[in-house]
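Let's take a friendly walk through a structure. Have the sequence and the 3D view open as you read.

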Amino acid sequence: MPPRSYYEKIQAVLRKYDVLVVADEVICGFGRTGNVWGSTTMGIQPDLLTCAKALTSGYLPLSALMISQTVVDGIAAEAHRIGVLGHGFTYSGHPVPVAVALETLRIYDEMDIISHVRTVGAHLFEQLNARVGSHRLVGQVRGAGLLAGFEIVADKASHGNFAPARKVGPTMVNLCQKQGLIVRACPNDTIVMSPPLIIIESEVDQVVDKFVVALDELETTAAIKD
Amino acid sequence: MSSTLNSLASRAKAAVLLPYSDPLTEVDPLVMERGEGIRVWDSEGRSYIDAMAGLWCASLGFNNERLARAAHDQMVSLPYYHGFTGKAHVPMIELAEKLLAMAPVPMSKVFFANSGSEANDTAIKLIWYYNNGRGKPEKKKIIGRLRGYHGITLATTSVTGQVVNHTSFDVPLNDRFLHVQTPDFYHNGLGGKRGRLCLALCRRAGRTDPAAGTRHGCGHVHGAHFRWWRADRAAAQLLRKNPGRAAQV
Ligand SMILES: Cc1ncc(COP(=O)(O)O)c(C=O)c1O
């Protein structure tokens, strides 16, 4: 995680040097971080924005790119000069995924997904900080809304990770899977989760219970001990 | 776990080039069969809480009936159409309007694609197109992040900052793609005496946020003491040296 005002500051530098900002909202779009957009959570004012995944709840493939007026005007003028915008996919805006996206967005509105993510996300981080962050092997809990990760470290004080060859992250993922929990390992032995946004608090507790069991087991494995 | 010859897992390994897997691994893939709420079941009947929603996808869980019905209804009324050469259709218009109304900042138009990679790839192509159109054909640089992920098309894999996506794929494509450091304070903030001094100054200035007030308050201390900030200053300097050639991301 960057410090809170990081993006505002870096964006000021980019603006100064006429550098466009593209927000990749493929994961963060549609409520994941507790706002509709990750850009809002991070204080980013993008010139272009891409989104996908939760746009259709992943049920059908679809992505969208939004473009600011200034950039659209430039593209339109160039395409007009050439005679046509020579870009597009056979399935750009395919009616079936688009219809599913419209229904998905309707459901988000009806269930007030943003409030739900904020409430359940607050519970998730409370649980993670108290029960996972306190574990001897866990250096940091991070994330926002219902996007969370924790980093497994060899040394809590120096934030040092285990050697990648020990495959601590993948070992943890397998231990979780044995508990009936699917998560993912990212660089630096960071275990990440991004559950369905409809998850409720009691289900969050079940996830955290499984993390705690798996972490205790992890301590006894060759990945950590030898 | 070894698989019997005709198990689904062994057939998966035999017939599918599975993404992000070692094709020669001994480990069997989990073959998923059905889902309900936040859970999925494999072909052996074991259930899992899928705390990844697949790949950050199934936000409404794994059995939303309304989405199935929306797909079915559209399949029946107009199962395919496109937006090429002066065509459009109703769902496309409605979704574009809805997305523009939701955008975090005013946006003008929506372009549709099928994947995150394609949307990002289109962003890159259209930025070059835009810059060519406004008489800055030399402005091509795209700045990504180490460890960032933006997809795997030729252009987006070059923006992605992960080693496995680059190795042996002949990317990054060319000198148009730069990578700056991950803004990860946990690892890249400077520790030690000077780092602690900096944090202490921030706290005294009433800021819990160590990057706050870089140009005032405790600013100088930060600028000098956070490696990530220096990396981005280096990027900024690079742009300054070559202001005509900077693009974005
Ligand atoms: C942030 C981000 N951008 C882009 C992509 C690429 O999307 P796709 O796999 O649909 O091409 C992903 C996929 O995980 C992603 O997480």
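His159(A) sits in the loop between β5 (147-152) and α6 (168-178) of chain A. Helices here are DSSP runs of H or I with at least four residues, strands are runs of E with at least two, and both are numbered from the N terminus. Although His159(A) is not a glycine, its phi is positive, at about 65°. You'll find Pro172(B) in the loop between α7 (163-166) and β6 (177-180) of chain B. These stand out because most residues other than glycine have a negative phi, and most peptide bonds are trans.

A quick word on the ground rules. This is a predicted model, where local features need pLDDT of at least 70 and side-chain atom pairs count only at pLDDT 80 or more, while totals for chains, interfaces and linings use all residues. Residues are numbered from 1 along each chain as its sequence is written, chains are lettered from A and ligands numbered from 1 in the order in which they are written, and side-chain values use heavy atoms, leaving out hydrogens and water.

## Around the ligand

Where does the ligand lie? It lies between chains A and B. The residues around the ligand (a heavy atom within 4 Å) include Asp24(A), Lys53(A), Asn120(B) and His150(B). By class, this shell has three nonpolar, six polar and two charged residues. Here Ala, Val, Leu, Ile, Met, Phe, Trp, Tyr, Cys and Pro count as nonpolar, Asp, Glu, Lys and Arg as charged, and the others, Gly among them, as polar. Helix α5 (residues 116-133) of chain B gives the most to the shell, with three residues.

The table lists polar contacts with the ligand (N or O atoms within 3.5 Å; within protein, one must be able to donate a hydrogen and the other to accept it, and residues adjacent in sequence count only if both atoms are side-chain atoms).

| Residue and atom | Ligand atom | Distance |
|---|---|---|
| Asp24(A), polar side-chain atom | nitrogen | 2.7 Å |
| Gly116(B), backbone N or O | oxygen | 2.9 Å |
| Ser117(B), side-chain N or O | oxygen | 2.5 Å |

## Where the chains meet

How many residues of chain A are in contact with chain B? The count is 112 residues of chain A, touching 98 residues of chain B, with contact meaning heavy atoms within 4.5 Å. About 9300 Å² is buried between the two chains, and carbon and sulfur atoms give 66% of that. Buried area is the accessible area (1.4 Å probe) that two parts lose on being put together, summed over both.

Six salt bridges link chain A and chain B. A salt bridge puts a side-chain nitrogen of Lys or Arg within 4 Å of a carboxyl oxygen of Asp or Glu. Asp18(A) pairs this way with Lys139(B), their closest N and O atoms being 3.6 Å apart. Asp18(A) also forms a salt bridge with Lys136(B), at 3.0 Å. That pair runs from the loop between α1 (6-16) and β1 (22-24) of chain A to the loop between α5 and β5 (141-145) of chain B.
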